[in-house]
Amino acid sequence: MEITLSRIAEMTGGKLVGDGSRIVHGVCSPGDAREDMLCIVWDKNLLALVPDGVPVLSGAGTVSGRDGVEMNHPKLALPGILSMFDRRNRQESGVHSSATVHESCIIGSDVSIGPGCVISKGARIGDRCVLQANVFVGESVLIGDDCRLEAGVALQDLVEIGRRVVIHSGVRVGCDGFGFIPQESGRWEKIPQIGTVVIEDDVEIGANGSVDRATFGATRIGAGTKLGALVHVAHNCEVGKNCVMAGYVALGGSTKIGDGTVLAGLVGVADHVTVGKGVTIAGRSGVTKNIPDGITVSGFPAQEHRQENRFQASLRRVPSYLERLRNLEREVERLKSASEDR
């Protein structure tokens, strides 16, 4: 990929400094700077590490004596610039000869369907979508425009995917929720899972994650929400808009997560719990009861973060308290023995 500095300045809204016709072939950090790459520097103190002759994107007033682009907030330009050089955004359209596409499917324009893909009866795929190798799309699945499904993704029947959704390798959407009823005989009888999954616009789901089909109704992931690798969303969950869940988060069935909530790594949320809007849940926390809007919680069971910190501080003092208690017990025994001797 080749892009001129003037084009980068235009697309980022930055100020061009030096030769705008200069071509760069990618981006780099100050530690591995090359003259054919654009070095992105959001800390002006790192500019000293960049050799002369390397074009840079840096803060306002910091690019002098070299070619580059200046911005007030260079770090905010990173997503857009990296997208320019992302090879995954330049897949050739067309259907690979080894793919199987049912005759009833509706395929949009400029769609790329890779080797080994299976597109089932009644599916609809929007414009400019990319399906990498071995993607499975079940019956009557709806996929909006500009989506990217990486290798090995499986979308089971009736799943609905919005626009600009990115689903990474190995993700399973629409598998049965974990629903069983114990019988008097001790046998577990399966509850049919006849609902669906709705993934709204601009969602991203990390590698090997799983979003389960609802028992009835829909499991829903709100617009703009980002799920890390190996996140599990159980049946009938409702995740709000613009939430973030880091790796290994697990939501129990029918949990509700409010808009703008952040769940750090290894968080577990019990069944039927409601988490409010704008909540932050610290890593490795276990949420067992409802959480109101706008607070930060941690620990197991999760509680307000300052209260948990006080609890942890007290817990660390337990060994010293025990030692003091043992000393007091010994002193009591000594005084008791002395009294009996008299």
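Biologist: What share of the 342 residues in the protein chain is buried?

Modeller: Buried residues make up 41% of them, where buried means under 20% relative accessible area with a 1.4 Å probe, protein chains only. This is a predicted model, in which local features need pLDDT of at least 70 and side-chain atom pairs count only at 80 or more, while totals for chains, interfaces and linings use all residues. Residues are numbered from 1 along each chain, and side-chain values use heavy atoms, without hydrogens and water.

Biologist: Glad to have that. How many helices and strands are there?

Modeller: The protein chain has 4 helices and 40 strands; these are DSSP runs, with H or I over at least four residues for helices and E over at least two for strands, numbered from the N terminus.

Biologist: Why is the protein chain called more spread out than a compact globule?

Modeller: Its radius of gyration is 28 Å, well over the 20 Å from the globule rule for 342 residues, so the chain is more spread out than a compact globule. The radius is taken over C-alpha atoms, and the rule is 2.2 Å times the number of residues to the power 0.38. Those C-alpha atoms fill a box of roughly 100 × 70 × 30 Å along the principal axes.

Biologist: Which contacts join residues at least 24 apart?

Modeller: Among contacts (heavy atoms within 4.5 Å) between residues at least 6 apart in sequence, 18% do.

Biologist: And which residues lie nearest the centre of the second largest pocket?

Modeller: S83, D86, R88, R148 and E204, out of 10 lining residues. Helix α2 (residues 78-84) gives the largest share of that lining, 3 residues.

Terms used
On a 1 Å grid over the protein atoms alone, a cavity is a set of points where a 1.4 Å probe fits but cannot get out, and a pocket is an open set with protein on both sides within 12 Å along at least five of seven lines; lining residues have an atom within 4 Å of a point. Buried means under 20% relative accessible area, exposed over 50%, partly exposed in between (1.4 Å probe, protein chains only).
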